[in-house]
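Subject: Structure for you to look at

Hello,

Here is the structure I said I would pass on. Please open it first, and then read the notes below it.

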Number of protein chains: 2
Amino acid sequence: MIMSDIPEKETPLAKYKLLEKYSQFIDYNNNTIFSSALFTEHVDFDLSYFPLKHLGYKIIVASTMNILAMNATPTQVRINMALSNRFAEEAIDELMSGIMFCCSKFKIDLMGLDFKPSVLGLTIATSMLGEVAPEQKVGISGAKENELICVTGDLGSAYTGLILLEREKKVFQADPTQQPDFIGVDYLLERYLKPEPPAWGLRDVRAQNFAPLQPTSMINLTDGLATGLIHLCNASKLGCTIFEEKLPIDILTFDKLKELGIVATTIALNGGEDYELLFTIKQEDFEKIKEIKEISVIGYMTPESSGRHIITNDNRQFELKAQGF
Amino acid sequence: MIMSDIPEKETPLAKYKLLEKYSQFIDYNNNTIFSSALFTEHVDFDLSYFPLKHLGYKIIVASTMNILAMNATPTQVRINMALSNRFAEEAIDELMSGIMFCCSKFKIDLMGLDFKPSVLGLTIATSMLGEVAPEQKVGISGAKENELICVTGDLGSAYTGLILLEREKKVFQADPTQQPDFIGVDYLLERYLKPEPPAWGLRDVRAQNFAPLQPTSMINLTDGLATGLIHLCNASKLGCTIFEEKLPIDILTFDKLKELGIVATTIALNGGEDYELLFTIKQEDFEKIKEIKEISVIGYMTPESSGRHIITNDNRQFELKAQGF
């Protein structure tokens, strides 16, 4: 079944419950576009298969997501790292080269850097600032009934890449003479190991194509589509209906998951790891996006009383569920 | 001897060498007052004796230091935490209550909060923004020859508190029936477990007393006085002379260290953990600070060719040394 087959992830605490508890103290309304993220070894990345240069690149991309989700452009980043002495200088160079390549590519200034010792593996904290004209700023609330729900890129491919990497790691651990079997899955591995920010957020692309389009609400999809949808609905006190057939699932992702006995829709809804954006637009703005292949319309917002649902390909309706709700 | 008796600390990598290597990529000249810090269990704090509420408070104070060192006022903070499921909700409440109490006390808005799972103990990352009028902004460079070198507060008391806590931990580990012997050392423990930001940086105090005084260069002292002095000298291409007899060492700190067979000056120079500021002022500004008991003049800046020295109480001269240089 689609909704009961949520992949197991490490969530030793009810993150969203805690956030709700302390949300009264958080000043969400401030105008500064200010974001931060924390990446820890063994939870966010496994150095047995994650090349350090790619990790550096991915960490910067990941850090841009909350800024892009406010329709802003990332401008500055600070990095604090804790690392143990098993990291040789060459390893730090690899990591830094990925970080600096990504910063340079997206014109993000590296504003600060600090290293400290660690007895607990590699930890990287980033904080990032961004810029947006006040009238273009988008928050997680602001959607209205009947507005269209859109996503950028395709869903589930990065998580599928992670499944393959973890599988080959287990094979290798059992028999170190085995070579990994990654033939034909480059795209999936790359989506996990070296994600690109959604085209929607890149300043050059936006300047050329997207500037006239103003989303009414937006959120990043790194915690999964179902989580993102529930957040958007909660924030705007609305329901939603999305359609399984509209979910942008890459054909390679679909086939590989089928081979593994996993329903692709489950991964698209609950896998996470997608560095993509989920947003709502006014119906009359459909004309502006219908030709853009990186954007898919997957459903529409409904009254809160209608609930949050997905309509499957065989026309059955399921309630959307996500961890922490 | 003073200079050879540097306390052992965990520094598995040459932090300052690395920072120098990558400094060409860092945009130090940007006007945004933007700071970040990372705190990891077993390196920055030991939960066997650090109360979580105090830890929360200290983390916010620690995060203000780089902002205060630019003569700015901290305004906003974001917090990212990774914690394992050994933390009960009550423990998180303790930690958060310290964080929120400190934010509220110093009028710092909590702008964001995120929790994630950890398999590696507690890690807390903070990022902080601050405000300063451009003409009042102070950097680490800008000192001139013959300017006076000042420090806030007293030096070495926090590190002495840490030595006592570590000693009692070892006693307890060897014999759990032993009660810790902390009689008469409250001040030292408090300086380590619940430091206050230097009065110099508090916005109300500054508004009343210090606003007319403009330091020419400034740095925070958390890495130790010797490290701070060498940084200031390097940044302004100068030397310095400081005087052992001028170092503000609290009498309790001095006595306790003597009891432990440790030279107080060593701890004042190289212990670190002091949440105080080191700054230079023009000679003619001496009048403005001479009545302020929280500020001590400890020496003066010299030409670069004169080197960086401390003159001891018995009138001998030693070169200042610090880890990483």
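Is A:Asp46 buried or exposed? With a relative accessible area of 14%, A:Asp46 is buried, because buried means under 20% relative accessible area, exposed means over 50%, and partly exposed is in between (1.4 Å probe, protein chains only). A:Asp46 lies in the loop between strand 1 and helix 2 of chain A. Not counting residues up to four places away in sequence, A:Asp46 touches A:Glu166 and A:Lys169; contact means heavy atoms within 4.5 Å.

Some ground rules before the rest. This is a predicted model, in which local features need pLDDT of at least 70, side-chain atom pairs count only at pLDDT 80 or more, and totals for chains, interfaces and linings use all residues. Residues are numbered from 1 along each chain as its sequence is written, chains are lettered from A and ligands numbered from 1 in the order in which they are written, and side-chain values use heavy atoms, with hydrogens and water left out. Helices (H or I, at least four residues) and strands (E, at least two) are DSSP runs, numbered from the N terminus.

Strand 1

Strand 1 of chain A covers residues 33–40, and eight of its eight residues are buried. A:Ile33, A:Ser35, A:Ala37 and A:Phe39 point one way from the strand, while A:Phe34, A:Ser36, A:Leu38 and A:Thr40 point the other way. Strand 1 pairs with strand 4 (residues 123–131) of chain A in the antiparallel sense, over eight bridges. Two strands pair if DSSP finds at least two bridges between them. One of these bridges joins A:Thr40 to A:Thr123 in strand 4 of chain A.

The open sheet

Seven strands of chain A form an open sheet with mixed pairing, in the order 6-8-5-9-7-10-11. Its edge strands are strand 6 (217–220) and strand 11 (317–319) of chain A, each of which pairs on one side only. On average, neighbouring strands of this sheet are turned by 25 degrees against each other, direction ignored. Inside the order, strand 7 (residues 238–243) and strand 9 (residues 295–303) of chain A pair in the antiparallel sense over five bridges. The bridge partner of A:Thr241 in strand 9 of chain A is A:Tyr300. Helix 7 (residues 225–236) of chain A packs on the sheet and touches strands including strand 5 (148–152) and strand 8 (277–281) of chain A. The direction of helix 7 makes about 150 degrees with that of strand 7 of chain A. For such angles, axes are lines fitted to C-alpha atoms, for helices over the stretch in contact, and angles run from 0 to 180 degrees between N-to-C directions.

Helix 4 and its neighbours

How do helix 4 and helix 5 of chain A lie to each other? Their axes come within 7 Å and cross at roughly 100 degrees, so the two helices are roughly perpendicular to each other. The cut-offs are these: angles under 35 degrees count as roughly parallel, over 145 as roughly antiparallel, 65 to 115 as roughly perpendicular and the rest as oblique. The contact includes A:Leu162 and A:Leu165 of helix 4 of chain A and A:Tyr187 and A:Leu189 of helix 5 of chain A. In helix 5 of chain A, A:Leu188, A:Leu189, A:Arg191, A:Tyr192 and A:Leu193 are buried. Their cover includes helix 2 (52–68), helix 4 and helix 8 of chain A.

The axes of helix 4 (residues 157–174) and helix 8 (residues 251–259) of chain A come within 10 Å and cross at roughly 40 degrees. Helix 4 and helix 8 of chain A are therefore oblique to each other. A:Ser157, A:Thr160, A:Ile163 and A:Leu164 in helix 4 of chain A meet A:Thr253, A:Lys256 and A:Leu257 in helix 8 of chain A.

Two positive phi values

Most residues other than glycine have a negative phi. A:Asn146, in the loop between strand 4 and strand 5 of chain A, has a positive phi near 70 degrees. At 42% relative accessibility, A:Asn146 counts as partly exposed. A:Lys237 has a positive phi of about 50 degrees and lies in the loop between helix 7 and strand 7 of chain A. With a relative accessible area of 59%, A:Lys237 is exposed.

Regards
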